[in-house]
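This briefing is for a reader who is new to the structure shown below. Please keep the sequence and the 3D view at hand while reading.

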Amino acid sequence: MKKVQRTLVAALAAMMLMALAGCSKGDVTKEVNSGLSDLKAQAAEPAVEPQTEPPAEPKTDAASEPVSEPAAEPDPEATAEPDPASAPADNPDYPSAAGLNTQTLEAFGTDFTLVLNVTCPDQGWYKSATSFGDLKLFPTDDPSHIFSGDPRITFELKSGLDKINYYYDDFENVEELTPRTIGGVEMAGRTYKNVGMWWTEYYGEMPTGGWLAIKISGVDIDPGTEGDTVLNSVTFG
């Protein structure tokens, strides 16, 4: 539309100039008609809307692309196999009884003593560190968990048979066993229940004085077992 207006103004200006120049009426009319025809033709043409190009997308290169983070490496501590169970910690109250154990037993209130020698397996046996006239052996894998009712073999030196039988009236289900020779000494045997525990007991008089009681609870002493091997290893010094 603006272009048509400019053309019309130019035509009118040309006509005025021609009139001033002394052009004939016919020439002026002819020029005006020609100019009007051009204007009509231009006006008939559809207006062309200016083309606007879409904004160009920003170019990116490999350097500007975000770099993906590498896959996280597995935590070695999370995937590592657990360490094997460590050996139980030493307990000063129950040191290892592996190998030969020699201990002097004393009968309370007397001069009777007995040197006891007993050999235990290399693993899994512990003993009491303190002695009140006895020696306790425990077949356990963890010396930090030894309680009053746990399996054991106990050696006790007493002044006489009456001391060994001191709690006899509290024994339940007493049964006599065939005597057994231990350390060269023939000893009587019996089984009974006392203080909630089942016991096998061998007892006899020692050549050096006093009576020895060997009490077994929760330990298999059948032929060929570890308990049987321990009893067979006993000697007296």
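The model is predicted. The salt bridges number five.

- With a relative accessible area of 15%, Asn117 is buried, because the cut-off for buried is under 20%.
- A polar contact of 2.7 Å links the side chains of Asn117 and Thr102.
- Apart from neighbours within four places in sequence, the residues in contact with Asn117 include Leu100, Asn101, Val234 and Phe236.
- Strand β2 belongs to an open sheet of three strands, ordered β1-β2-β10 and paired antiparallel.
- The edge strands are β1 (99–106) and β10 (235–236), each of which pairs on one side only.
- Two bridges join β2 to β10, and Asn117 stands opposite Thr235 in β10.

**The largest nonpolar core**

- This core has 26 residues, and those touching the most other members are Leu137, Ile153, Phe155 and Ile214.
- Two or more residues come from each of β2, β4 (134–139), β5 (152–158), β7 (185–194), β9 (211–217) and α5 (226–232).
- Leaving aside neighbours within four places in sequence, Ile214 is in contact with residues including Ile153, Phe155, Met187 and Leu231.
- Glu201 is also among the contacts of Ile214 beyond four places in sequence.

**Salt bridges**

- Lys215 and Glu156 form a salt bridge, with their closest N and O atoms 3.4 Å apart.
- Lys215 is in strand β9 and Glu156 in strand β5, so this pair ties together parts 59 residues apart in sequence.
- Glu156 counts as buried, at 16% relative accessibility.
- Arg180 and Asp228 meet through their side chains in a salt bridge of 2.7 Å, N to O.
- Because Arg180 lies in strand β6 (residues 172–182) and Asp228 in helix α5, the pair ties together parts 48 residues apart in sequence.
- Both Arg180 and Asp228 are buried.
- Glu201 forms a salt bridge with Arg190, the closest N and O atoms being 2.9 Å apart.
- Glu201 is in strand β8 (residues 197–205) and Arg190 in strand β7, eleven residues apart.
- Glu201 counts as buried at 0% relative accessibility, and Arg190 at 2%.
- Salt bridges with shared partners join Glu156, Lys158 and Lys215 into one network.

Note on methods: Residues numbered from 1 in each chain as written. Predicted model: local features only at pLDDT ≥ 70, side-chain atom pairs only at ≥ 80, totals over all residues. Heavy atoms only, no water. Buried < 20%, exposed > 50% of the residue type's maximum accessible area, 1.4 Å probe, protein only. Polar contact = N/O pair within 3.5 Å; in protein donor to acceptor, adjacent residues only side chain to side chain. Contact = heavy atoms within 4.5 Å. Pairing = 2+ DSSP bridges. Helix = DSSP H or I, 4+ residues; strand = E, 2+ residues; numbered from the N terminus. Core = buried A, V, L, I, M, F, W, Y, C linked by side-chain atoms within 4.5 Å. Salt bridge = Lys/Arg side-chain N within 4 Å of Asp/Glu carboxyl O.
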